[in-house]
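Thanks for coming, everyone. Let me put the sequence and the structure up on the screen, and then I will talk through the parts that I looked at.

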Amino acid sequence: MYKSKLQQLCHHRLWPLPTYSAIKHGPDHCPIFKASVLVNGASFDSAPACKSSKEAQNDAAMRAILRLGSDPPAPPHSDLEIVEDEPPEPEMKNEALDLSSELLANALASNDVQYPYKLQLHTYAQRNNLSLPSYSTTSIGPPHACHFVACVTVGEQEFKSPTPPSRTVKEAENVAAKAALESLSPDGFEQISSGYVKNLLQELAQKEGLSAPKYKTSTSGALHMQMFYSTVEVGGEVFQGKAARSKKLSLINAAEVAYQALEERSEPPIGYYH
């Protein structure tokens, strides 16, 4: 299988493990599949009409290997003992606070700024020794007005993107990744996303020459059923996020609204990885 060969290649070159996504087209009785694989920031697509998701992913892996080259030769033999696959050290609870900075650096390096939850889920799986996220996408509607829903498998669990369907495949995958994170690690999701999205908004504001984001939060309701409402002001403009059950989530929502609005206006638009 080319997927295992590609994984070995990434291991020897000290790259992150490859991430696969697949999309299904056609009627249920005769579907066709196309897949892509992300390797060290570069994307490689399969042939457009494979018979199964597995075949499409394997074809994408083959094309990646052909482009990236064969595995480098093994290092010369030495008397030193080499120990591979050592178990990771126990994870500290406060690691989530540092992870947002790591995610931001990785996102900016790979131009993965429009779909942050896919990157967060990928990092979460790596740090928790889970199989890396695998995406499958289904199209809905006619070709000229197509929308998408996605599923992501992490470890042995599957998560679906909630309705309504998304306008693009990448957007649907990102929504599915967000649903997975919220289910797998609610507390970690709040900690990581809060720092990550707010840092990302600050980077964009600096790039566009705008004033630094300023946040305000208000509450309503009884103490046991309190709702939080956050706004963020960037460059003299105020953005309102959706209400949330916690202050951190309300800040995330406000930052996301501001980032999406500002990013759409920026020229040239911020890129994204395929």
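This is a predicted model: local features need pLDDT of at least 70, side-chain atom pairs count only at pLDDT 80 or more; totals for chains, interfaces and linings use all residues.

Let me start with Asn129, which counts as exposed at 55% relative accessibility, where exposed means over 50% relative accessible area, buried under 20% and partly exposed in between, with a 1.4 Å probe and protein chains only. Residues are numbered from 1 along each chain as its sequence is written, and side-chain values use heavy atoms, with hydrogens and water left out.

Asn129 sits in the loop between helix 4 and strand 4 (134–140), where helices (H or I, at least four residues) and strands (E, at least two) are DSSP runs numbered from the N terminus. Although Asn129 is not a glycine, its phi is positive, at about 55°. Leu14, likewise a residue other than glycine, has a positive phi near 60°; Leu14 belongs to the loop between helix 1 and strand 1 (19–25) and is exposed, with a relative accessible area of 77%.

For the chain as a whole, there are seven helices and nine strands, and buried residues make up 39% of the 274 residues. Taking contact as heavy atoms within 4.5 Å, residues 24 or more positions apart account for 48% of the contacts with a separation of 6 or more.

Now to the interior. A nonpolar core here is a set of buried Ala, Val, Leu, Ile, Met, Phe, Trp, Tyr and Cys residues joined through side-chain atoms within 4.5 Å. The largest such core has 33 residues, and those with the most contacts inside it are Leu121, Val152, Leu201, Val232, Val234 and Phe239. Among the elements that give two or more residues to this core are helix 4 (116–127), strand 5 (147–154) and helix 7 (247–265), and helix 7 gives the most, with seven residues. Because domain 2 (112–185) and domain 3 (188–266) both give residues to this core, it lies between them; the domain bounds come from an automatic or database domain assignment. Apart from this core lies another, of eleven residues, among them Leu6, Cys10, Val39 and Phe44.

What does Val152 touch, leaving aside its neighbours within four places in sequence? Its contacts include Leu121, Pro133, Tyr135, Phe159 and Ala176.

Strand 2 (residues 32–39) holds Ser36, which counts as buried at 12% relative accessibility, and also Val37, which counts as buried at 1%. Not counting residues up to four places away in sequence, Ser36 touches Thr19, Tyr20, Ser21, Ser43, Phe44, Asp45 and Ala60, whereas the list for Val37 includes Leu6, Pro18, Ala61 and Ala64. The C-alpha atoms of Val37 and Asp59, 22 residues apart along the chain, are separated by 9.6 Å.

Finally, a helix pair: helix 1 (residues 2–12) and helix 2 (residues 53–68) pack at an angle of about 40°, with their axes 8 Å apart. The axes are lines fitted to C-alpha atoms, for helices over the stretch in contact, and the angles run from 0 to 180 degrees between N-to-C directions. The two helices are therefore oblique to each other, given that angles under 35 degrees count as roughly parallel, over 145 as roughly antiparallel, 65 to 115 as roughly perpendicular and the rest as oblique. The residues making the contact include Leu6 and Leu9 of helix 1 and Ala61 and Ile65 of helix 2.
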